[in-house]
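Colleague: I would like to learn how to read a model of this kind. Please take the features in turn, with the general idea before the case.

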Amino acid sequence: MMSVVLSFSSTSCQQDNDIIALYLNSDQVHTQCIWDKAPHCAFTDLIEYNSRLYCCFREAKAHIPERIEDHGVIRLLESSDGEHWHDCGTIRESEYDLRDPKLSVTPDNRLMLMYGRYLKDTPEEPYPWTAVKFLTDDEIERGRINNSNIRNINIEDNPRLSNYWLWRIKWVDGTAYGVAYKTDQLPLLVKSTDGINYTIVTVLEAMGNEADIEPLPDGNMLMVMRAQSGNGFIGHSAPPYDSWTWQETNHLIHCPAIITADDDVFIAGRSTFGTALFFYKNNNIMPAVAIPSVGGDDAYPGIICRNNDELWITYYGASHNGISIFIATISLNELKN
């Protein structure tokens, strides 16, 4: 496959595109700044739900808050076309810094929002890492989320596991699978039928953290995981996903988000050259295209396929207002030619 060259379309944040254009020059990736109303907006996810787009992210004054009043909140945006975005409000818990939200659609067609909680300088981490909120029809229709009905995830009814961070889940045949991790510990593959109560499938023999999974056509499961030290890991397993084979990735990859589109598997994440899209082929990860960003403090993408012909990717990166939220669109046909 040929490498893809990048370019820019006009956006609502033209100064941001000017900054990006200093780093990359292209004609096949179109970018738009969709939120820049706080100094540090980061850690995105993107999903299509009932024919509308939803983007979530953390909004704060800095990557790590210095004061309790600077704790991050989770903001949700909604759009019908990917160009014009409506603010649906925030979730905030004053005692916690809220981080890295993720969206999914449950088997019974509910929009599920999951996010992490953090307290600085707490060595024992005696707090629940991951919280879940199912957005109600009323909240979605009014475009105004609130702090009601927030639940803590539960792993094996074991309080010792409450400070494992369940970073991302994916629903496969009615079951949610995800990787729960803790620094300096082997991560856990867990599963749930309700999105709240999880059981351990297996301990993963790869010292990693952020991970995503994807079912493959041959019935196996693919996992891409950020390494606690090193490039990353690729894992494969057959059902019931309790035995995995591992290899190191040939490229650095953080914050992976996997999608299958038009019979190809794509992985978005952060690499040595900033936010990037990769092909997965023959058990290897190969760069497909660099997404316009400045490198460094960026990435944490969400990815969907729209209309069976475009990849839409949200991510964060530098802007004239600080760190802002962007969306990129990439034609599948142009990727393959």
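Colleague: Which residue is the bridge partner of F233 in β18?

Modeller: Strands here are DSSP runs (E, at least two residues; helices are H or I, at least four), numbered from the N terminus. Two strands pair if DSSP finds at least two bridges between them. In this case F233 is bridged to E248 of β18. That bridge belongs to the pairing of β17 (residues 233–237) with β18, which is antiparallel and has four bridges. The model is predicted, so local features need pLDDT of at least 70 and side-chain atom pairs pLDDT 80 or more, while totals for chains, interfaces and linings use all residues. Residues are numbered from 1 along each chain as its sequence is written, and side-chain values use heavy atoms, with hydrogens and water left out.

Colleague: What is the order of the sheet that holds β17 and β18?

Modeller: The order is β15-β16-β17-β18, an open sheet of four strands with antiparallel pairing. β15 (208–215) and β18 (245–248) are its edge strands, each pairing on one side only. From one strand to the next, the twist averages 20° here.

Colleague: Where is the cis peptide bond?

Modeller: The bond from P239 to P240 is cis, with omega near 5°. P240 is in the loop between β17 and β18.

Colleague: Which strands make up the open sheet with mixed pairing?

Modeller: Five strands do, in the order β10-β14-β13-β12-β11. β10 and β11 are at the edges with a single partner strand each, so one side of each has no neighbour in the sheet. The parallel sense is found between β10 and strand β14 (residues 197–203), which pair over two bridges. I155 is opposite Y198 of β14.

Colleague: How many bridges join β11 to β12?

Modeller: Six bridges join β11 to strand β12 (residues 175–181), and the two run antiparallel. K170 has Y177 of β12 as its bridge partner. Two residues lie between the strands of this hairpin, where D173 has a positive phi near 50°.

Colleague: Is β11 mostly covered or mostly open, and what counts as buried?

Modeller: Buried means under 20% relative accessible area, exposed means over 50%, and partly exposed is in between (1.4 Å probe, protein chains only). Strand β11 (residues 165–172) is mostly covered, with eight of its eight residues buried. T175, in strand β12, counts as buried because its relative accessibility is 15%. Contact means heavy atoms within 4.5 Å. Setting aside neighbours within four places in sequence, T175 is in contact with K170, K191, S192 and T193.

Colleague: Where is D157, and is it buried or exposed?

Modeller: D157 is in the loop between β10 (154–155) and β11. It is exposed, at a relative accessible area of 65%. A polar contact is a pair of N or O atoms within 3.5 Å; within protein, one must be able to donate a hydrogen and the other to accept it, and residues adjacent in sequence count only if both atoms are side-chain atoms. The side chains of D157 and N154 make one at 2.7 Å. D157 is 40 residues from N197 in sequence, and their C-alpha atoms are 8.1 Å apart.

Colleague: How many residues does the largest nonpolar core have?

Modeller: A nonpolar core is a set of buried Ala, Val, Leu, Ile, Met, Phe, Trp, Tyr and Cys residues joined through side-chain atoms within 4.5 Å. The largest has 25 residues, and those with the most contacts inside it are I34, L46, C55, F57, W85, Y316 and I325. Strands supplying at least two residues each include β1 (29–35), β2 (40–49), β3 (52–60) and β11. β2 gives the most, four residues. A second, separate core has 21 residues, among them A257, I291, I303 and I330.

Key: Axes are lines fitted to C-alpha atoms, for helices over the stretch in contact, and angles run from 0 to 180 degrees between N-to-C directions.
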